[in-house]
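Here is a short report for a first look at a structure. Please keep the sequence and the model open while reading.

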Amino acid sequence: MDLRAGDSWGMLACLCAVLWHLPAVPALNRTGDPGPGPSIQKTYDLTRYLEHQLRSLAGTYLNYLGPPFNEPDFNPPRLGAETLPRATVNLDVWRSLNDKLRLTQNYEAYSHLLCYLRGLDRQAATAELRRSLAHFCTSLQGLLGSIAGVMAALGYPLPQPLPGAEPTRAPGPAHGDFLQKMDDFWLLKELQTWLWRSAKDFNRLKKKTQPPPAAVTLHLEAHGF
Amino acid sequence: MPAGRPGPAAQSARRPPPLLPLLLLCVLGAPRAGSGAHTAVISPQDPTLLIGSSLQATCSVHGDPSGATAEGLYWTLNGRRLAPELSRVLNASTLALALANLNGSRQQSGDNLVCHARDGSILAGSCLYVGLPPEKPFNISCWSKNMKDLTCRWTPGAHGETFLHTNYSLKYKLRWYGQDNTCEEYHTVGPHSCHIPKDLALFTPYEIWVEATNRLGSARSDVLTLDILDVVTTDPPPDVHVSRVGGLEDQLSVRWVSPPALKDFLFQAKYQIRYRVEDSVDWKVVDDVSNQTSCRLAGLKPGTVYFVQVRCNPFGIYGSKKAGIWSEWSHPTAASTPRSERPGPGGGACEPRGGEPSSGPVRRELKQFLGWLKKHAYCSNLSFRLYDQWRAWMQKSHKTRNQDEGILPSGRRGTTREFQTLSPGCEISRFILTGGCDPKHQPYCPGAGGVIPAIPGLVGPPPQGHPLQHPQDTETVEQLQTKGSLLWEVQQTPGQSATWWSVTPASGQSRG
């Protein structure tokens with residue numbers, strides 16, 4: 001087996017181009033609307049829900065891949081997954097992200113991840129597993145729509161696919177089954193990390209759009225809390 | 001670096017890459033493994049093997065020559081380290097493995113054979129597919145819900161345990177028209193099922209079979225030949241309602257709607273009802289429900305909850321005499337019988353021996369019968385008074401009865417016993433013992449174990465051994481008494497078609 005940069009990602013990258021053309025959610029009607037608050041809250045809730053859904057899906061899927069993939073401390077080399085969007089980020093960098101960049105990074109990440117998820121070549125998986133995967137993809141699509149809604153509410157444009165960023169690379173040398181399993185593992189891991197991060201991203205956004213509850217704090221202090 | 005050999009047939013969709021992009025990839029794809037890790041290759045890549053066979057594998061390290069050595073490498077299979085005696089070092093950069101008598105793969109995605117460096121990091125992996133070729137699928141059964149589609153189900157051979165992913169494909173073709181078709185919609189009613197939604201032909205038989213394929217081979221079931229019209233079924237009857245019958249404590253009335261598909265197609269339906277007590281698992285089945293959409297269950301226990309289900313069988317499709325396939329049972333509907341008014345044991349309300357029929361159930365039964373007669377037979381003059389007169393007449397001996405010219409003159413003598421009421425246009429003409437249940441006019445369906453107290457007086461015991469005539473059914477008294485059902489016929493006007501009323505006496509109960 002050849003541990004080169006995974007080509008399966010390249011093969012799927014062309015499919016990602018399709019996803020960029022998601023219909024943009026029309027901007028919320030500004031007259032008398034409650035602002036982006038509710039949709040930020042909704043997006044936050046969605047990330048928590050997806051996180052929960054992913055836990056169960058990943059458990060089943062990794063059991064299907066078999067040990068050592070379903071072992072808790074499994075840590076294979078992360079070769080094929082170079083093109084996966086990385087959630088890991090320096091704390092200061094993360095804190096200093098402006099709203100637009102924060103939202104854009106989330107949106108782009110999930111677009112990619114959804115694309116790769118859909119391309120999971122698991123013909124051999126059980127029908128039930130395929131159904132769970134399809135269900136998760138639908139939920140992820142919902143999250144994307146929700147993020148798009150927040151961006152529209154705040155007046156940010158949806159990220160467009162970069163020209164030439166998704167070249168239609170031909171499929172490389174045969175990608176062994178074991179390599180494919182490792183790619184699947186990292187996809188699920190990255191999805192998990194992104195959902196953890198997104199919860200914090202949207203929590204941060206939520207706080208920024210809320211008025212600070214100063215009066216309440218004083219009241220509590222007066223009672224010695 | 002050796003290019004991986006083409007995977008099994010399932011992956012033949014990957015085309016061999018054009019040369020230029022491949023070169024590009026070679027440049028771009030410089031190994032970017034974790035710090036200090038080398039790369040390696042396991043051979044064979046993703047092999048498929050029969051259970052019990054052996055495997056010789058090698059792990060060849062390449063990359064940085066100074067660090068790359070076969071020393072310290074080890075194998076794991078499905079996360080478990082393999083015994084050192086199974087490995088041996090072939091040369092400076094290759095570790096070999098010999099496995100014998102392989103078991104079936106632990107998971108259908110393949111066993112994970114991994115080559116590790118000394119520090120435990122993963123250098124290379126290969127998926128082993130160990131299993132059996134599929135066995136012949138069997139037991140194919142098919143049905144059509146509306147004569148336009150077909151759903152089929154089968155059983156995989158050897159209980160489906162081949163340890164490898166096995167793909168099942170349902171194929172069909174018209175018997176004399178040669179072209180094979182493949183079913184596309186799988187798992188519609190369970191893991192081994194398929195649904196053909198359209199483009200089916202009638203009047204020519206279909207040949208249907210299932211092909212099972214996996215990495216090790218394929219198997220084909222026997223061919224099933226069928227005609228769509230012979231396997232028609234419907235959805236179960238919708239809207240099944242069960243309700244009490246007035247205050248009658250041993251009866252429930254079941255009503256349903258015929259399945260909508262019947263309206264579109266030229267067939268009739270016959271129905272079956274089954275019911276059970278709440279905490280029992282034994283169903284009682286009522287079979288002769290024919291074409292009606294209502295039925296009355298009798299002989300039930302008072303104050304009990306019953307679960308009732310109905311199912312439907314289309315028959316007479318385009319005039320054929322054959323029945324179709326029974327539908328699924330409808331969702332269970334529950335209802336409870338009213339509580340018994342009289343204290344004492346419930347279930348099978350017994351009449352006191354030879355006593356007055358003034359006790360609840362009989363009186364109620366009779367009242368209902370009279371009410372029904374009034375409604376359907378315009379017998380407005382019938383009353384309890386008349387009934388009591390009959391009863392009195394019945395309690396006379398046979399001889400005196402036959403000679404009696406009193407209130408109730410018997411008309412025609414001979415093999416049937418007849419009574420007349422004084423009400424013109426309404427004649428309880430004869431009571432006849434029969435075992436059948438006339439489907440058209442029968443509000444009662446004698447179910448298995450149905451018990452309705454006999455109404456003494458109206459259905460007094462005919463002489464033993466007396467054969468009776470009946471347009472539909474002829475049986476002797478002994479036979480009928482063991483069967484235990486009685487019918488009497490009410491003719492609205494002489495010569496017109498009759499309506500029947502049935503009563504089943506309680507077993508072991510004295511009559512009259």
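The side chain of B:N214 reaches the backbone oxygen of which residue? That residue is B:L132, at 2.9 Å. This is a polar contact (a pair of N or O atoms within 3.5 Å; within protein, one must be able to donate a hydrogen and the other to accept it, and residues adjacent in sequence count only if both atoms are side-chain atoms).

## Basis

This is a predicted model: local features need pLDDT of at least 70, side-chain atom pairs count only at pLDDT 80 or more, and totals for chains, interfaces and linings use all residues. Residues are numbered from 1 along each chain as its sequence is written, chains are lettered from A and ligands numbered from 1 in the order in which they are written, and side-chain values use heavy atoms, without hydrogens and water.

## Chain B overall

Chain B has six helices and 29 strands. Helices (H or I, at least four residues) and strands (E, at least two) are DSSP runs, numbered from the N terminus. Of the 512 residues in chain B, 46% are buried. Buried means under 20% relative accessible area, exposed over 50%, and partly exposed in between (1.4 Å probe, protein chains only).

## Around B:N214

B:N214 sits in strand β16, residues 206-214 of chain B. B:N214 counts as buried because its relative accessibility is 9%. Contact means heavy atoms within 4.5 Å. Leaving aside neighbours within four places in sequence, B:N214 is in contact with residues including B:L132, B:P133 and B:T162.

## Around B:L77

B:L77 belongs to strand β4, residues 74-77 of chain B. With a relative accessible area of 19%, B:L77 is buried. Not counting residues up to four places away in sequence, B:L77 touches B:L82, B:L99, B:D111, B:N112, B:L113 and B:L128. B:L77 and B:V114 are 37 residues apart along the chain, and their C-alpha atoms are separated by 6.3 Å.

## A loop residue

B:I51 lies in the loop between β2 (48-50) and β3 (55-62) of chain B. B:I51 is partly exposed, with a relative accessible area of 31%.

## A helix in chain A

Helix α4 of chain A covers residues 99-118, 20 residues in total. From first C-alpha to last, α4(A) reaches 29 Å, close to the 28 Å expected at 1.5 Å a residue. That expected span is 1.5 Å times one less than the number of residues. α4(A) is mostly covered, with 15 of its 20 residues buried.

A:N98 caps the N-terminal end of α4(A). A side-chain oxygen of A:N98 lies 3.1 Å from the backbone nitrogen of A:K100.
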